[in-house]
Amino acid sequence: MAVPHTSDPIRNVARATIGRRTFLAGAGAAGLAGALTACASSAPVTADGKSIVTIASWMQFEPGRKAAWASIVKKFNSQSTTIKVKLVGWPFTEYSNQVLTQVQSGGLTADLITAPPDLASRLLALGAYAPLDDAVSSAGVSPEENLHDFLTKDGQLFGVSATTVSFGLLYNEATFEKANLTPATNVDEWLVQADALTERPDQFGLIQANTMAEQANFWFQLQNWVNAYDGVWAKGSTPMVNSEPVVKTLELYQKMYDTAIPQGSNDAQLMELMGQGRGAQALVVSATANVLKSGNRDVYSALRSVAAPWESGKGASRVHPISVYEGSSNPEAATEFLTWLLAPENMAELMMDSLDVLPPYPEIDDVEAFAQYRNQLPWVEGYMDVEPVTPMDLMGDFITANDEFGNIVLSNFQSSLDGGTPIADAMDNAQDELEQLSERL
């Protein structure tokens, strides 16, 4: 998900902004330097003898979510007499490459790793995870099998979701009411509405990542669109990008791009539009609401959601697991912290502070405060109605080469968006390139 953020865009439009995958140059550099220093450190204990447990993550760079993680870590550290937990890592745009590079070179100093689903798949294949069965059993929880199937190998579980988000249509109810509209219930109606809600440059009918300068975000969001026509990007090791459902998906996106999407804007600018009330709707993950709440409370109060307006109601549901790193120097301490975190009341607290709504195991629903919290969120209904599919369902065997796959698709699609190449021709070319990639994997 790409969820850029500005702290007060209406009164201070020129202010630098932070996004989930973009960050303030100064603060980001300082945070990154701290992360690198922490990762490079070999000291296993603090001065007072506590074992140091490091969590490699990008969460501490994300508006809204960073405060939630800081709070849960502080809570554990205040209770533990033997362990001190620290977050280390990089912003999301750099995170996967940094982790993969260091894991493959044996140089990652971390005890726990959080990961998006594509990175988690690669790390599991690389043998970078230790089994979590003891932690799960001790915590007394039962992770949802359909969410965690890709984290299971030889009957053992290697990760538990710390964050699960689904794609839905987040919209500004005030903007829709002003236009005397209700959210579309089919794709044709959606196109008409998005066009009607667009008055360039003052208002845009659909906020969506679309710049190659931030390619990871573009692909992250576009990947979900294939659900519009029940398509997949690949089946097993066979690319499907020139199939009819994929071509129709990209034709739909191009129509939106031409009529309703702010073209060439980076993530921070796109979310700034939402924060100013100038974006009518966005097909994004639920975590976007947290970013808007952290700096745009007037708009946040007007947010509502529905499932995407295509017949299936499908949306990519993304599991971001936390796992024990196989190369941890403190595996017992790491497992002790993870067991504590997985306790329903602690995971519920992290979810509530993060504005997450999809629990990784049913025991969280038994936490009274969590049930009350979710019932009070005005924007949550549509996300709960989404028919979930996973990135693994959409990407087949290419999930372990997700970035490479996305680069090929987007490079060819760009020739259609801005160069006039027929989409079918562009995807025929992408199909050839992806078949060559398949042979190399």
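Visitor: Is Thr 46 buried or exposed, and what is its relative accessible area?

Guide: Buried means under 20% relative accessible area, exposed over 50% and partly exposed in between (1.4 Å probe, protein chains only). Thr 46 has a relative accessible area of 16%, so it counts as buried. This is a predicted model, where local features need pLDDT of at least 70 and side-chain atom pairs count only at pLDDT 80 or more, while totals for chains, interfaces and linings use all residues. Residues are numbered from 1 along each chain as its sequence is written, and side-chain values use heavy atoms, leaving out hydrogens and water.

Visitor: Where does Thr 46 sit?

Guide: Helices (H or I, at least four residues) and strands (E, at least two) are DSSP runs, numbered from the N terminus. Thr 46 belongs to the loop between helix 1 (25-40) and strand 1 (51-57).

Visitor: What does the side chain of Thr 46 make a polar contact with?

Guide: A polar contact is a pair of N or O atoms within 3.5 Å; within protein, one must be able to donate a hydrogen and the other to accept it, and residues adjacent in sequence count only if both atoms are side-chain atoms. For Thr 46, the partner is the side chain of Asp 48, at 2.3 Å.

Visitor: Which side chain does Thr 163 join in a polar contact?

Guide: That of Arg 65, at 3.3 Å. Thr 163 lies in strand 7 (residues 160-172) and is buried, with a relative accessible area of 4%.

Visitor: Which residues does Asn 402 touch, beyond those up to four places away in sequence?

Guide: Contact means heavy atoms within 4.5 Å. Asn 402 touches Asp 118, Trp 219, Gln 223 and Met 395. Asn 402 is part of helix 19 (residues 402-417), and is buried at 8% relative accessible area.
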